[in-house]
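Welcome, and let us walk through this structure together. Please have a look at the sequence and the 3D view before reading on.

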Amino acid sequence: MENIITFAPCVLLLPFLMFLFLGLTNYKWTGKQAGIIGTAGITVVAFCCYYIALQYFFGGVGKPDGATAYQTITVFNMEWMKMSVAHPGLTISIGFLLDPISAMMLIVISTVSLMVHIYSFGYMFEHGHYDEGMQRYYCVLSLFSFAMLGLVLATNIFQMYIFWELVGVSSFLLIGYYYKKPAAISACKKAFIVTRFADMFYLIGILIVSYYTKTFDFVEMNTLAENGHTLVGNSMEGLTFMGLSLTTLAMFLIFLGGAGKSAMFPFHIWLPDAMEGPTPSSALIHAATMVVAGVFLVARLFPVFAIDAPNALEAITYIGAFTALFAAVIAVAQTDIKRVLAFSTISQIAYMMVALGVARFSIEGVEHVETTLGFTASMWHLFTHAMFKAMLFLCCGCIIHCVESNEMAKMGGLKKYMPITWACFGIGCLAIAGIPPFSGFFSKGEILSACLENQCTGIYVIMTLTAGLTAFYMFRLFYHIFYYEENPEYATSEHKPHDQKWPMTLPLIVFAVLTCVCGFFPFGQLITASHEAIEIETNWFVEGVSLTTAALGIGIAYVLYYKKNDKPAKIMAKMQGLCTAASHRFYIDEVWYGITRSFIFGIICKSIAWFDRHCIDGFMDLMGWLTNRASSESKDFQSGHVQQYAWVFVMGVVVIGTLALYL
Amino acid sequence: MMAMLYLESSKKAIRGTMVAGSAVLTILSVYLAVQFLALRAGGDTSEYLFYSTTPWYQGFLNIHYAVGVDGVSVAMLLLSSIVVLTGSFASFAVENQTKDYFLWFLMLSIGVFGFFISVDLFTMFIFYEVALIPMYLLIGLWGTGPKEYAAMKLTLMLMGGSAFLMVGILGIYFMGSPAGSENTFEMTQLIKTVADNMPMEWQRTFFCLTFVGFGVLGAMFPFHTWSPDGHASAPTAVSMLHAGVLMKLGGYGCYRVSICLMPEAAQEMGWIFIILTGTSVFYGAYSACVQNDLKYINAYSSVSHCGMVLFALLMYNQTAMTGAFLQMLSHGLMTALFFCLIGSIYGRTHTRDIREMGGMMQIMPVLGVCYVIAGMASLGLPGLSGFVAEMNIFLGAFEVNDTFHRVFTLLACSSIVITAVYILRVVGKMLYGPVQNEHHRELTDATWWEKVAAFGLIISIAIIGIFPGWVRDMISDSLDEIVKHLN
């Protein structure tokens with residue numbers, strides 16, 4: 001425990017100092033030096049994280065002798081700002097909360113971040129020199145690592161919100177890294193504004209919850225819920241807003257914040273565009289870590305959701321299931337390899353959401369089954385997905401580096417040129433399709449059986465269907481890149497595609513190994529909703545069905561895309577409507593643009609600005625004009641002619657005299 | 001200091017004196033803040049510290065020159081001195097009639113400082129006018145664009161406001177003291193007597209009069225229209241001082257005079273102003289979204305942020321009111337930074353139209369990065385000052401538990417999204433992207449004095465953003481009394 005206290009501040013402080021250091025000394029270092037500084041920092045952080053997580057899980061820190069459940073430990077909690085004099089609970093602290101899920105996230109973040117730092121050395125080195133923005137890049141990566149670690153370690157909901165915004169801004173800066181490119185600019189603006197819009201709901205949710213509970217603290221909130229109080233003692237019971245209990249509403253609003261970051265429908269529109277950023281940062285932020293923040297948020301408040309707001313969880317399930325299927329259908333029709341992966345990420349995160357959504361502490365009529373299995377499965381999938389999706393993105397980075405295009409049409413037949421990338425990409429595809437023994441098989445299987453066992457059969461069917469689609473579009477991608485028809489330019493080109501140098505290859509291999517083994521980790525022992533170990537039994541029916549669907553998906557992909565043929569074109573012609581709609585992402589972006597650009601910008605903003613200039617300002621100008629006019633009219637009175645004065649005087653006397661006589 | 005300025009003749013010496021003088025001022029303000037905190041920590045609980053009073057004019061009106069500071073005014077003094085210091089650096093660009101410019105600039109700052117330390121209503125009012133008049137000359141002579149029109153409009157509207165104020169202040173003077181005792185302008189005494197002695201209907205009237213009077217300066221809807229024109233025409237440092245500090249006079253006055261002296265009327269009549277200020281918040285934000293002139297964008301954004309200040313003051317609870325003062329600090333520093341940068345950019349490109357600029361980040365990276373930081377502070381990024389202020393305001397406003405307040409609080413919350421929209425619009429159009437105008441490629445990056453001004457402000461913003469505890473507690477403690485009164 002003491003050791004953890006020594007290492008814990010380092011985890012948060014070091015990335016922050018790296019950020020300040022690299023940010024304040026801009027252009028002082030060459031690209032290589034900046035990279036080495038950043039990577040050295042994150043290596044130290046990673047080792048601290050590993051040490052803390054291992055100590056927590058296996059070193060007896062999390063489970064002191066005799067305890068059956070993992071403890072929730074607040075390593076430190078510093079007061080940052082008191083928000084209210086009357087209610088000491090409303091204090092924002094910056095702290096370090098250690099429980100199974102945050103310990104797991106420490107491993108995920110530090111691993112992926114370290115690998116991406118190393119990988120970027122190769123990726124940002126192009127045409128014989130490092131990219132000019134290298135230092136800025138590593139600076140923002142450090143900021144991101146700091147913010148993401150702070151987010152998962154948050155002791156209170158406001159700390160989480162603070163770091164939530166910080167990951168948002170670092171994501172904005174990384175998407176807009178190539179700031180001369182118009183596509184990157186609109187993508188980074190879109191990402192920031194969409195997530196900000198969702199954050200507004202999160203903030204309102206926090207306001208409602210903190211108003212009634214008078215606390216920000218996660219542990220206190222969860223304890224309240226676990227002790228059978230509704231969120232807030234009893235004060236929120238019976239309070240309703242348009243037919244919903246207020247707790248449900250508040251928790252749903254908080255979830256919406258998470259939906260923004262995790263790109264759930266209808267906030268998913270920013271993630272595909274976010275692929276304009278450098279590929280390694282997409283791997284880190286938009287595949288493995290930041291986008292699962294929403295899932296983490298729901299998991300962090302899971303007791304509150306499960307006990308006080310089961311309706312909100314139900315809504316999460318439906319939104320998740322819809323998003324999973326929806327994104328998978330779109331992924332089939334995309335031709336940009338990074339966008340296929342982006343939609344696949346959306347779909348997979350939706351899996352995690354669904355798994356959380358179906359989990360409960362107890363379900364009426366369901367006995368002898370572990371009803372919180374969904375929670376474990378969700379976290380498990382988060383872990384495995386982070387590893388294989390980061391790997392897939394890094395593989396894409398290697399491919400894009402060679403081909404210098406994101407379009408599938410420019411690729412094909414790359415297997416013989418890039419064998420290592422081929423192998424790693426293949427492992428990633430098998431894992432995401434759910435083929436044993438790769439990690440995705442286990443975690444996805446558990447999600448599906450959680451759906452089925454918790455009596456959500458409809459959801460189960462949708463998710464299985466999605467699994468089949470996933471297998472199909474991933475292998476479509478795989479065959480299209482590595483087999484299909486070789487691009488004739490490769491043979492004649494001076495720079496033949498080739499496997500990259502070690503900084504880019506090493507991370508691929510590390511992730512590939514992890515993807516092969518992490519399906520066998522005993523997640524049921526470590527990460528559960530109640531912190532007590534649960535038995536995970538393989539549901540052979542579920543596994544059988546999902547394997548069959550996956551095999552079917554792969555088979556169809558094989559038939560259509562292994563060798564160049566005219567079948568895909570024929571099928572596309574038959575389902576033209578669906579294909580066009582899917583390749584245009586079902587026009588959701590256009591709907592958003594319609595609402596924002598035409599309605600809010602075009603009508604509301606323009607009319608307010610017009611009203612301001614012409615009515616309000618016009619009124620003020622009118623006052624000025626009237627005053628001017630009045631004075632210029634009345635100035636004739638002071639003409640200086642004595643006769644006129646005398647005339648007015650005499651007339652005045654006459655009028656007053658007449659009045660005096662008659663009144 | 002003014003005398004010194006008058007004697008100096010060369011441009012360099014003038015600048016040197018100005019910077020040295022305002023640096024001393026800043027050091028003094030920091031020293032004051034430290035002393036203040038030390039005394040408070042030492043258990044001195046009197047309402048105003050460093051209090052002193054001298055009779056000034058006791059013929060017909062009982063006027064004292066009474067000064068003193070509490071936590072709120074210390075915070076405001078810190079803000080003013082920082083903005084004046086950085087403003088002096090930013091004024092290095094003024095080439096003609098430098099001496100006169102700095103003299104008037106100094107006059108303006110004297111008014112501002114005087115206003116924040118006054119405890120006597122009449123002295124306060126005089127300093128208020130002292131701060132307003134130089135504005136006319138500064139904008140009219142050293143401004144750009146339709147400067148005479150803007151200067152005239154600004155001065156007339158603010159003078160209109162102060163006419164309301166004058167009536168209000170005299171009303172408080174004549175009706176606010178118990179019968180038989182001497183009338184007074186002294187706020188420490190008025191705060192005890194006004195509520196009991198003045199008839200309720202008059203309290204209501206004077207509350208509205210003074211609130212509108214100060215509200216004009218605080219850019220409250222619909223009296224905000226001087227702000228876009230005035231800011232657009234004013235020279236850099238004047239915009240900085242004006243948006244950064246002068247607009248805070250409005251909020252500060254609303255608190256010190258209207259709310260503190262007439263709490264009951266404030267409770268009753270507050271709703272009118274909640275509607276107006278709530279409107280300001282989103283009205284300013286939406287208007288800013290479609291402006292193309294950089295200064296107009298920031299002027300409207302100021303309307304939105306200052307609306308937030310008054311809105312929070314009207315919530316009458318400690319968290320929100322503390323948030324209001326934090327927002328004043330934060331907005332003061334941030335807008336000063338914005339106008340400083342806009343001045344620098346305009347000085348180079350000679351246009352403020354964002355459609356004519358592009359790719360500035362490549363040409364002037366330092367100014368560009370500073371602009372992004374200012375934008376981030378404006379949209380409330382944690383770690384910078386805007387976040388601290390906004391969270392206090394939202395949390396406090398949400399504590400008022402009725403539908404009317406809730407609706408306006410939610411509207412105010414929605415401004416965080418709109419703010420992001422107009423900030424990023426500028427960043428995307430002006431800073432990012434390809435270079436629009438090839439001539440701009442020859443432009444240079446920030447000079448040393450522009451860097452000093454910008455970095456000074458950024459450091460202050462970051463200090464408040466990262467260590468908000470001390471300043472928040474300092475302000476919050478000073479509000480104890482009045483909050484008890486209000487509830």
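Leaving aside its neighbours within four places in sequence, Val354(A) is in contact with Thr317(A), Gly320(A), Ala321(A), Ala324(A), Ile447(A), Cys451(A), Ile459(A) and Met463(A); two residues are in contact if their C-beta atoms, placed from the backbone, lie within 7 Å.

Before going further, please note that this is a predicted model, in which local features need pLDDT of at least 70 and side-chain atom pairs count only at pLDDT 80 or more, while totals for chains, interfaces and linings use all residues. Residues are numbered from 1 along each chain as its sequence is written, and chains are lettered from A and ligands numbered from 1 in the order in which they are written.

Val354(A) also belongs to the largest nonpolar core, which has 432 residues; Val354(A) and Ala390(A) touch the most other members. Such a core is a set of buried Ala, Val, Leu, Ile, Met, Phe, Trp, Tyr and Cys residues joined through C-beta atoms within 7 Å. Helix α15 of chain A, residues 373-403, gives the most to this core, with 21 residues.

Now step back to chain A as a whole. Its secondary structure comes to 26 helices and 6 strands, where helices (H or I, at least four residues) and strands (E, at least two) are DSSP runs numbered from the N terminus. Of the 663 residues in chain A, 55% are buried; a residue is buried if 20 or more other C-beta atoms, placed from the backbone, lie within 10 Å of its own, exposed if 12 or fewer, and partly exposed in between. Taken along the principal axes, the C-alpha atoms of chain A fill a box of roughly 115 × 70 × 55 Å.

Where do the two chains meet? On this interface, 39 residues of chain B are in contact with 36 residues of chain A. On the chain B side, α17(B) gives the most, with 9 residues. The residues of that side divide into 24 nonpolar, 13 polar and 2 charged. Here Ala, Val, Leu, Ile, Met, Phe, Trp, Tyr, Cys and Pro count as nonpolar, Asp, Glu, Lys and Arg as charged, and the others, Gly among them, as polar.

Glu399(B) counts as buried because it has 21 C-beta neighbours inside 10 Å. Beyond its neighbours within four places in sequence, Glu399(B) is in contact with Tyr211(A), Asn317(B) and Thr319(B).
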